[in-house]
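Biologist: Before we go through this chain together, could you show me how each feature is to be read, and then what it looks like here?

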Amino acid sequence: MEKFTVYTGTTVPFMQDNIDTDQIIPKNFLKQVDKKGFGKHLFDEWRYLEDRSPNPDFILNAPERQTATILVSGENFGSGSSREHAAWALQDYGFHAVIAGSYSDIFYMNALKNGLLPIRMPADVRKELSELPADAEVTIDLPNQTIVTPNARYEFPIDATWKDKLVKGLDDIAITLEHEAAITAYEEKMPNY
């Protein structure tokens, strides 16, 4: 997992509440197990018309928002099924963080485990973020737990353990490998059967 310390990008507002994982990545695109390749199907039913051409009314298709890497959204983001593919699709599309009012617990944990930063912010802050111009840079400083825009600075909460894992870029495998010497020593003491 890549480290997440200080990240600067632009935002795209998609202020809908109750966006579930089937809307994030529809079930018919879950046939692969590799984490790559899901981004092209992110929000598929909203992004594309029936003929598979881009929906000009969907915010991610707006030319000025095509390079946005911070998604600003509503309440209860990532509800529904427990598919880890939702976090993979957001990351594969290019998002580094999602700023929403609340998250389903499973999506929140899947995002953290994959290095996608889910930030909880109140409605008034999200409204201000959603009104930023498309080219306005926003900096997320995870060590200091702040979001800095051209006009304001906001603090956000995050569990200290998850913050440490993200800042150090440690997923479950990397944490296990920190104890490789002790594991090897234990295995060497075990009898061979």
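Modeller: Let us begin with burial: a residue is buried under 20% relative accessible area, exposed over 50%, and partly exposed in between, with a 1.4 Å probe and protein chains only. By that rule both Phe38 and Trp88 are buried, and 47% of the 193 residues of the chain count as buried. This is a predicted model, in which local features need pLDDT of at least 70 and side-chain atom pairs count only at pLDDT 80 or more, while totals for chains, interfaces and linings use all residues. Residues are numbered from 1 along each chain as its sequence is written, and side-chain values use heavy atoms, with hydrogens and water left out.

Biologist: How are Phe38 and Trp88 arranged as an aromatic pair?

Modeller: Two aromatic rings are described by the distance of their centres and the angle of their planes. Rings of Phe, Tyr and Trp (its six-membered ring) pair if their centres lie within 6.5 Å, and planes under 30 degrees apart count as stacked, over 60 as edge-to-face and the rest as tilted. The count here comes to 13 aromatic pairs. Phe38 and Trp88 form a tilted one, 5.8 Å centre to centre with 40° between the planes. This pair links distant parts of the chain, 50 residues apart, since Phe38 is in the loop between helix H1 (21–24) and helix H2 (44–47) and Trp88 is in helix H3. Helices (H or I, at least four residues) and strands (E, at least two) are DSSP runs numbered from the N terminus. An aromatic cluster is formed by Phe14, Phe43, Trp46 and Phe58.

Biologist: Which residues touch the most other members of the largest nonpolar core?

Modeller: A nonpolar core is a set of buried Ala, Val, Leu, Ile, Met, Phe, Trp, Tyr and Cys residues joined through side-chain atoms within 4.5 Å. The largest one has 50 residues, of which Phe43, Phe77, Leu90, Leu117 and Ile147 touch the most other members. Helix H3 (residues 85–93) gives the largest share of this core, five residues. If contact means heavy atoms within 4.5 Å, then Leu90, leaving aside neighbours within four places in sequence, has contacts that include Ile24, Phe43, Phe77 and Phe107.

Biologist: Where does a charge sit over a ring, and at what distance from its centre?

Modeller: The rule asks for NZ of Lys or CZ of Arg within 6 Å of the ring centre and within 35 degrees of the ring normal. The charged end of Arg52 sits over the ring of Tyr48, 4.4 Å from its centre, and Lys165 lies over the face of Trp162, at 4.3 Å from the ring centre.
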